[in-house]
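Trainee: I'd like to learn how to read salt bridges in a model. Can we go through one together?

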Amino acid sequence: MMQNSVKILPVNEAHLPKIVELEQAIFSLPWSIDSFRSEMESPDSHFTAAVLDGEVVGFCVLHLFDDEGEVFNIAVAREHRGKKYGDILLSEALGFADGSGINRIFLEVRKSNLPAIGLYTKHGFEILGIRKNYYDEPTEDAIIMQRTKNF
């Protein structure tokens, strides 16, 4: 029996309710549907959903600024972690960035989020610095990471 694989698709309006639901379940200070809609509609944003059997199981928001980008948001539903969906989402976003002439990509991650830090490191991100008390609920430092395109 063949297992269905996850598909990475551009986000559309139908995906937003599930993305907001995931966001609220995962993050202590979740984005609003309007924030996601703004990214969905922005020509400077690459916003994708990981869809499995018609259900959104993760998403990634990469925002572009000239020749730089920033991973604004990436998440995978708790019940679907460990299945490489975050890896697939990030790989797709980085491939898009590389093909778009993006030379550097930044992100912030909670200091305690070791699985995410491991994922980012695997994809060539390096620690650039620390932002003290960047996150609220709970208060925590952010690690600033950067990936530079290899020429």
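Trainee: Is Glu-140 buried or exposed?

Mentor: First, a word on what you're looking at: this is a predicted model, where local features need pLDDT of at least 70, side-chain atom pairs count only at pLDDT 80 or more, and totals for chains, interfaces and linings use all residues. Residues are numbered from 1 along each chain as its sequence is written, and side-chain values use heavy atoms, with hydrogens and water left out. Now, buried means under 20% relative accessible area, exposed over 50%, and partly exposed in between (1.4 Å probe, protein chains only). Glu-140 has 15% relative accessibility, so Glu-140 counts as buried.

Trainee: Which residue does Glu-140 form a salt bridge with?

Mentor: The general idea is that side chains of opposite charge can pair when their charged atoms come close. The cut-off here is a side-chain nitrogen of Lys or Arg within 4 Å of a carboxyl oxygen of Asp or Glu. Glu-140 pairs with Arg-110, with the closest N and O atoms 3.0 Å apart. The two sit in distant parts of the chain, Glu-140 in strand β7 and Arg-110 in strand β5, 30 residues apart. Arg-110 is buried too, at 18% relative accessibility.

Trainee: How are helices and strands picked out?

Mentor: They're DSSP runs, numbered from the N terminus: helices are H or I with at least four residues, strands are E with at least two. This protein has 4 helices and 7 strands, in the order β-α-α-β-β-β-α-β-α-β-β from the N terminus on.

Trainee: What does Asp-98 pair with?

Mentor: Asp-98 forms a salt bridge with Arg-147, and their closest N and O atoms are 3.0 Å apart. Asp-98 is in helix α3 (residues 85-99) and Arg-147 in strand β7 (residues 140-148), so this pair ties together parts that are 49 residues apart in sequence. Arg-147 is buried at 14% relative accessible area, while Asp-98 is partly exposed at 26%.

Trainee: And which side chain meets Arg-131 in a salt bridge?

Mentor: That's Glu-108, at 2.4 Å from N to O. Arg-131 belongs to strand β6 (residues 126-135) and Glu-108 to strand β5 (residues 104-110), so parts 23 residues apart in sequence are tied together. Arg-131 is partly exposed, with 35% relative accessible area.

Trainee: How many salt bridges does the count come to?

Mentor: The count is 10. They can also join up: Glu-13, Asp-34 and Arg-37 are linked in a network of salt bridges.
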